[in-house]
Amino acid sequence: NCPFCAGNRSSKNSELSLDFMKNIVNQISTFCKALVFTGGGEPLINKDTPEAIKYTKSKGLNVALITNGDLITKENATIIIKNCTWIRISLDGINSEEHSINRRISKDVFNRIINNIKLLVETKNKLKSNCTIGIGYLVNNLNKKNMLKFTKLAKSLNVDYAQFRPYHYVNMDVTKELKICKKLETDNFKVIATLHRFNKQEGSF
């Protein structure tokens, strides 16, 4: 239901089969170093995505996953953590109300995703994995005032980073907000931003 997602404009019959995904991996594994499972909708809607992630890793590629976090389970969390180099959960809200508005979904989903993020972190620690886990926040001129609150939320969840990005390219200066958020960084927690997608790029963060 996310209004920013191209998957809402795709055919319901466009889901990739496991054989098709394996074929693609076989073709690119000779010249690619990494593959990110993302885009065109939520990757984990496809029940074969965890198996495709395992297969991609077995072919020697680094694997990453960008997910909305709603469909994380104990079973796929283990597969994801064991096989992915990094994971980013697109949270896009500091609370259930904002998340519901941005994603056009019910308010109860927010807490479920928070619990799933905790599950991923717990699984990472249990498996002693080096997988990097981060959460992302779409910034606009109305919600950039919440960037510090989002950073605090991310840090409290023990993820490795909070990431800020605009929707496509926008004319927005978040220099001040980023500098404040950066003060919460530690050796184990970072604040990052896709600065090339913001109009304001100069400055040291």
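Me: Which residue in E3 is the bridge partner of Ile-66?

Reply: Two strands count as paired if DSSP finds at least two bridges between them. Here Ile-66 has Arg-88 as its bridge partner in E3. The pairing of strand E2 (residues 62-67) with strand E3 (residues 86-90) is parallel and runs over 4 bridges. One caution about the source: this is a predicted model, where local features need pLDDT of at least 70, side-chain atom pairs count only at pLDDT 80 or more, and totals for chains, interfaces and linings use all residues. Residues are numbered from 1 along each chain as its sequence is written, and side-chain values use heavy atoms, with hydrogens and water left out.

Me: What is the order of the strands in the open sheet?

Reply: Strands (E, at least two residues) and helices (H or I, at least four) are DSSP runs, numbered from the N terminus. The open sheet has 6 strands in the order E1-E2-E3-E4-E5-E6, paired in parallel. At its edges sit E1 and strand E6 (190-193), each pairing on one side only. On average, neighbouring strands in this sheet are turned by 20 degrees against each other, direction ignored; the axes are lines fitted to C-alpha atoms, and angles run from 0 to 180 degrees between N-to-C directions.

Me: What pattern does the protein follow along the sequence?

Reply: The pattern reads α-β-α-β-α-β-α-α-β-α-β-α-β, with 7 helices and 6 strands.

Me: Is Asn-46 buried or exposed?

Reply: Buried means under 20% relative accessible area, exposed over 50%, and partly exposed in between (1.4 Å probe, protein chains only). Asn-46 is buried, at 7%, and lies in the loop between strand E1 (34-37) and helix H2 (49-58). Its side chain reaches the backbone oxygen of Leu-16 at 2.6 Å, a polar contact (N or O atoms within 3.5 Å, one able to donate a hydrogen and the other to accept it; residues adjacent in sequence count only if both atoms are side-chain atoms). Leaving aside residues up to four places away in sequence, Asn-46 touches Glu-15, Leu-16 and Met-21, where contact means heavy atoms within 4.5 Å.
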